[in-house]
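Here are my notes on the model you sent over, point by point. Have the structure open while you read.

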Amino acid sequence: MTTLRALANTFGLDRAQTAALDCYVDLLLGWRESNVTAVRTRDEAVHRLVGDALALLDVPALEQAGARWLDLGAGAGIPGIPLAVAVPRARVTLLDSAGKKCAFLRAAVEATGLGERADVVCMRSEAFAAQGQRPARGGAGAGRAQQGRSGGREAFDVVVTRAVASLATVVELAAPLLAVGGTLLAVKSATGAATEGPSGDVAAGRCGLSPGVVTRLPRSPLDASVCAVFTKRAPAPDWLPRRPGLAAKRPFAS
């Protein structure tokens with residue numbers, strides 16, 4: 001199993017960053033009874049979760065991206081919290097709809113010293129993406145000054161996801177949250193990416209994103225881990241987001 005010290009050496013983390021990740025792993029294991037994660041040992045948490053999250057640092061699109069990042073379906077904070085610790089320039093929003101997981105995320109932000117540049121938003125992604133949406137023509141509010149892009153709509157340079165949903169669903173949920181030119185990084189197994197890739201590309205075409213490019217994560221402790229990379233090419237259609245749950249129940253490629 002990979003140790004935290006080994007990960008720090010691999011990814012060039014300093015003592016403060018390593019200590020922050022150490023606190024995060026301790027907290028994660030302390031919340032096991034709340035079911036924020038399925039891992040049960042420290043070695044497993046470091047190897048399967050933290051190591052795989054930090055492997056995203058090798059994706060060129062992440063290095064070149066702006067500073068506004070969103071972890072979609074953050075759950076236990078993977079990959080958002082390790083990435084926020086490792087990249088001081090990043091301002092990270094951790095988005096999840098489960099109250100228990102949001103409580104953990106707030107505790108983790110405090111424990112890792114990320115309070116100045118990490119936020120927890122506890123709501124469904126569809127509701128968050130609708131914040132700042134301009135009213136439809138002829139609908140309520142027509143004729144008034146258009147709303148600004150507040151809230152989550154097209155507010156982020158990067159959206160990251162891991163173990164959230166199929167690629168088609170993830171693409172649809174991420175599309176209205178990404179700014180034009182922004183990047184979606186979806187961590188998958190190699191098998192999952194190959195199986196879900198065609199439907200993910202169909203959804204991308206509907207939602208204003210380029211087809212996905214699968215990038216290996218050579219420094220991930222998990223041999224089969226890859227990242228599907230999509231780029232936002234055009235503004236999200238006005239009809240996005242759809243009603244909560246439809247992205248999963250009726251994905252565009254089905």
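**Pockets and helix packing**

1. The largest pocket holds about 620 Å³ of space. A pocket here is an open set of points on a 1 Å grid over the protein atoms alone, with protein on both sides within 12 Å along at least five of seven lines. Points are joined across faces, edges and corners, and a volume is the space filled by probe spheres set on them.

2. Before going on, some housekeeping: this is a predicted model, in which local features need pLDDT of at least 70 and side-chain atom pairs count only at pLDDT 80 or more, while totals for chains, interfaces and linings use all residues. Residues are numbered from 1 along each chain as its sequence is written, and side-chain values use heavy atoms, with hydrogens and water left out.

3. Back to the largest pocket: 30 residues line it, and G73, G75, D96, A163 and V164 lie nearest its centre. Lining residues have an atom within 4 Å of a point. At least two lining residues come from each of α3 (42-54), β2 (91-96), α7 (125-130), α8 (167-174) and α10 (246-249). Helices (H or I, at least four residues) and strands (E, at least two) are DSSP runs, numbered from the N terminus.

4. What is the lining of the largest pocket like by class? It has 16 nonpolar, 8 polar and 6 charged residues. Ala, Val, Leu, Ile, Met, Phe, Trp, Tyr, Cys and Pro count as nonpolar, Asp, Glu, Lys and Arg as charged, and the others, Gly among them, as polar.

5. There is also 1 cavity of 30 Å³ or more, a cavity being a set of points where a 1.4 Å probe fits but cannot get out. About 50 Å³ of space lies in the largest cavity. Its lining includes S125, E126, E172 and L173, along with R242 and R243. Both α7 and α8 supply at least two of the lining residues, and the lining splits into 5 nonpolar, 1 polar and 4 charged.

6. Now the helix pairs. Helix α2 (residues 15-30) and helix α6 (residues 99-111) have axes that come within 9 Å and cross at roughly 150 degrees. Axes are lines fitted to C-alpha atoms, for helices over the stretch in contact, and angles run from 0 to 180 degrees between N-to-C directions. The two helices are therefore roughly antiparallel (over 145 degrees). On the α2 side the contact (heavy atoms within 4.5 Å) uses C23, Y24, L27 and L28, and on the α6 side F104, A107, A108 and A111. By class that is 8 nonpolar, no polar and no charged residues.

7. α8 packs on helix α9 (residues 190-207) at an angle of about 30 degrees, with axes 7 Å apart. That makes the pair roughly parallel (under 35 degrees). From α8, L167, A168, V171 and E172 take part, meeting α9 residues that include A193, E196 and C207. This contact has 7 nonpolar, 3 polar and 2 charged residues. E172 also lines the largest cavity.

8. Last pair: the axes of helix α1 (residues 4-11) and α3 come within 10 Å and cross at roughly 15 degrees, which makes α1 roughly parallel to α3. L4, L7 and F11 of α1 touch R42, V46, V50, G51 and L54 of α3. These contact residues divide into 6 nonpolar, 1 polar and 1 charged.

Conventions. Parallel < 35°, antiparallel > 145°, perpendicular 65-115°, else oblique.
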